[in-house]
Amino acid sequence: MKRLIAFSAALAMIYSIPAFAVYSETSEDTVISAEDTSAEEGGEEETDTTVWHVNFNEPAEAEMTDDTENREYSVLVINPGGEARGGTDKWDVQFRIRGISIEEGHDYRITYRISSDTEGSYYTKIGNLDSSTVGEAVAGEVWHNQFGISTITSYTEGTVQQDAETSYGSAWNNQKIGMGDTLNVTCNFKGIATIPEAEWSFFLGGAGATSASDCFAPGATVRFSNLTLTDLTTGETLVSGYAFNQSDVKGDINCDGKADVTDLSVMCLAMIGDLTLDDGQITICDVDESGKFDMADLAHYKSYLSGVRKEL
Ligand SMILES: [Ca+2]
Ligand SMILES: [Ca+2]
């Protein structure tokens, strides 16, 4: 196990790429007003809202790069907006996708990886487009970052949450992220209302009535990948943005197009329980194709990286 832990530390260093943001809280009324304006006054025109995109309200400004090479979306928060700058609140900057449909009673799994180069926080939710309450879904939100059974793994702090269950009625607070950190998040939740036209959004904006501080400072870069939403009841994949299991390269667990020591580090983290993998990722980790992911796969990978084995 010693060797594994060493690998894990190495991985943590490799992964010390910046991450995130601040955090805030939301009240249904303010969310409604925010949504009412954000949809119309956003920075984008003619944008296909069924793909990941940024939306912002003046004076907020943000820029999204679809980084196909690194398989991630990168959002530069140029101006987070917020009350102090003449804006409204944390939803002044949003990274989001629309065109999702949620069914009451269905089970869902959501995953994402978020990295930030500054300390910050964010709020993320799935809800309808006008924030009107639907049944149990207050402000039209069927899910947010404090609802469901979630596991959060930080590359700097290890496991922050493990299968932590939070009821829907809990405070709708932001999730913090440390400077240079990366969070891997998995959450299972049940659809508490049917929302035929829903969006999944990350709020990255400024401080306001529901947010004590800016999510991110001007100039912060926040990166996203492994953005997946699966309807476990039907097995349907509703959202898949740079999912971890999309790489064609064997053993490329972090989906950067290469099989290298970084991937082995991820596998080591998973092996010691610091990282939770989904079924697709476990399949990728089974590099010796034995049907299971175990120590033999780590040895197999090592022999490839050291040149003893010519192919994975
Ligand atoms: Ca890789
Ligand atoms: Ca195996």
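Modeller: Strand β1 covers residues 53-56, and all of them are buried. H53 and N55 point one way, while V54 and F56 point the other way. In a regular strand, side chains alternate between the two faces of the sheet. Buried means that 20 or more other C-beta atoms lie within 10 Å of a residue's own; 12 or fewer makes it exposed, anything in between partly exposed, and the C-beta atoms are placed from the backbone. Strands and helices are DSSP runs numbered from the N terminus: E for at least two residues, H or I for at least four.

This is a predicted model, where local features need pLDDT of at least 70, side-chain atom pairs count only at pLDDT 80 or more, and totals for chains, interfaces and linings use all residues. Residues are numbered from 1 along each chain as its sequence is written, and chains are lettered from A and ligands numbered from 1 in the order in which they are written.

β1 has a partner. It pairs with strand β4 (residues 93-102) in the antiparallel sense, over 4 bridges. Two strands pair if DSSP finds at least two bridges between them. In this pairing H53 stands opposite R96 of β4.

Now go on along the chain. The loop between β1 and β2 holds P59. The peptide bond from E58 to P59 is cis, with omega near 5°. Most peptide bonds are trans, and most residues other than glycine have a negative phi.

Strand β2 (residues 61-67) comes next in this account. It runs antiparallel to strand β3 (residues 72-79), and 7 bridges join the two. T65 has S74 as its bridge partner in β3. The two strands form a hairpin with 4 residues between them. R71 sits in that turn with a positive phi of about 55°.

Y73 and G241 are 168 residues apart in sequence, but 8.6 Å apart in space, C-alpha to C-alpha. G241 belongs to strand β14 (residues 236-241). It counts as buried because it has 20 C-beta neighbours inside 10 Å. Leaving aside neighbours within four places in sequence, G241 is in contact with W52, Y73 and L227. Contact here means C-beta atoms, placed from the backbone, within 7 Å. Across the protein, 72% of contacts between residues at least 6 apart in sequence join residues at least 24 apart.

S131 is found in the loop between β6 (120-128) and β7. Its phi is positive, near 60°, and S131 is not a glycine. S131 is buried, with 26 other C-beta atoms within 10 Å. E141 lies in strand β7 (residues 141-144). E141 is buried too, with 25 other C-beta atoms within 10 Å. Apart from neighbours within four places in sequence, its contacts are K125, I126 and G127.

β8 (residues 148-154) has two antiparallel partners to look at. One is strand β9 (residues 158-166), over 6 bridges. A hairpin of 3 residues joins β8 to β9, and S154 stands opposite G158. The other is strand β11 (residues 182-190), again over 6 bridges. There, T153 has N184 as its bridge partner.

Last, the helices. 9 of the 11 residues of α3 are buried, so α3 is largely enclosed by the rest of the structure. The axes of α3 (residues 261-271) and α5 (residues 295-305) come within 10 Å and cross at roughly 165°. Axes are lines fitted to C-alpha atoms, for helices over the stretch in contact, with angles from 0 to 180 degrees between N-to-C directions. The two helices are therefore roughly antiparallel. That term covers angles over 145 degrees; under 35 is roughly parallel, 65 to 115 roughly perpendicular, and the rest oblique. V261, L264, M267, C268 and M271 of α3 meet D297, L298, Y301, K302 and L305 of α5.

After α3 comes G273, with a positive phi near 85°. E289 lies in the loop between α4 (279-285) and α5. Its phi is also positive, near 55°. E289 counts as exposed because it has 11 C-beta neighbours inside 10 Å.

Of its 312 residues, 50% count as buried.

Terms used. Two residues are in contact if their C-beta atoms, placed from the backbone, lie within 7 Å.
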